[in-house]
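I opened this structure to see how it is put together. My notes follow in the order I looked things up.

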Amino acid sequence: MSEKQEIIKQMMELQHKFIELEQKGEFNAEEYYDSDGDSELAQHKRSFEELATRLVDLAHEEKGSHR
């Protein structure tokens, strides 16, 4: 599996977990966007953002462009 495919897979897993937790009522969208620190929610948000950034970087590398 390519790095891009692996990142997309990880992002989808994180997204499914987020949806599951949100539907269980463990937090709401406002708490997600305002989260920081060491909470599970904040770690989830940072992980997703890091993966998304890496995916964008890979796309730029592939096309020979820059951010």
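**Overall fold**

I counted three helices and zero strands in the protein. Helices (H or I, at least four residues) and strands (E, at least two) are DSSP runs, numbered from the N terminus. Along the sequence I read the pattern α-α-α. The radius of gyration is 14 Å, well over the 11 Å that the globule rule gives for 67 residues, so the protein is more spread out than a compact globule. That radius is taken over C-alpha atoms, and the globule rule is 2.2 Å times the number of residues to the power 0.38.

I noted that this is a predicted model, where local features need pLDDT of at least 70, side-chain atom pairs count only at pLDDT 80 or more, and totals for chains, interfaces and linings use all residues. Residues are numbered from 1 along each chain as its sequence is written, and side-chain values use heavy atoms, with hydrogens and water left out.

**Box, burial and surface**

Next I looked up the extent of the protein. Its C-alpha atoms fill a box of roughly 40 × 25 × 15 Å along the principal axes. Of the 67 residues, 21% count as buried. Buried means under 20% relative accessible area, exposed over 50%, and partly exposed in between (1.4 Å probe, protein chains only).

I then checked contacts, meaning heavy atoms within 4.5 Å. Of the contacts with a separation of 6 or more, 44% come from residues 24 or more positions apart.

The protein exposes about 5,100 Å², and carbon and sulfur atoms supply 50% of that area. Accessible areas come from the Shrake-Rupley method with a 1.4 Å probe; for residues, only the protein chains shown count as cover.

I also looked at charge. There are 9 positive and 17 negative side chains, and the centres of the two sets lie 6 Å apart. Lys and Arg count as positive and Asp and Glu as negative, while His and the chain ends are not counted. Each charge is placed at NZ of Lys, CZ of Arg, CG of Asp or CD of Glu.

**Helix α3**

I turned to α3, residues 40-63. At 1.5 Å a residue, its 24 residues should span 34 Å, and the end C-alpha atoms are 35 Å apart, which agrees. The expected span is 1.5 Å times one less than the number of residues.

Which residues of α3 are buried? I found L41, A42, H44, K45, L51 and L58. The buried residues of α3 pack against α1 (3-23) and α2 (29-34). After α3 comes G64, whose phi is positive, near 75°.

H44 is in α3. It counts as buried, at 10% relative accessibility. Leaving aside neighbours within four places in sequence, H44 is in contact with L14, F18 and Y32. H44 and K17 are 27 residues apart in sequence, and their C-alpha atoms are 9.2 Å apart in space.

K45 is also in α3. At 13% relative accessibility, K45 counts as buried. With neighbours within four places set aside, K45 is in contact with Y32, Y33 and S35. K45 and F18 are 27 residues apart in sequence and 9.3 Å apart in space, C-alpha to C-alpha.

Beyond neighbours within four places in sequence, H60 is in contact with S65, H66 and R67. I also checked H60 against Q43: they are 17 residues apart along the chain, and their C-alpha atoms are separated by 26 Å.
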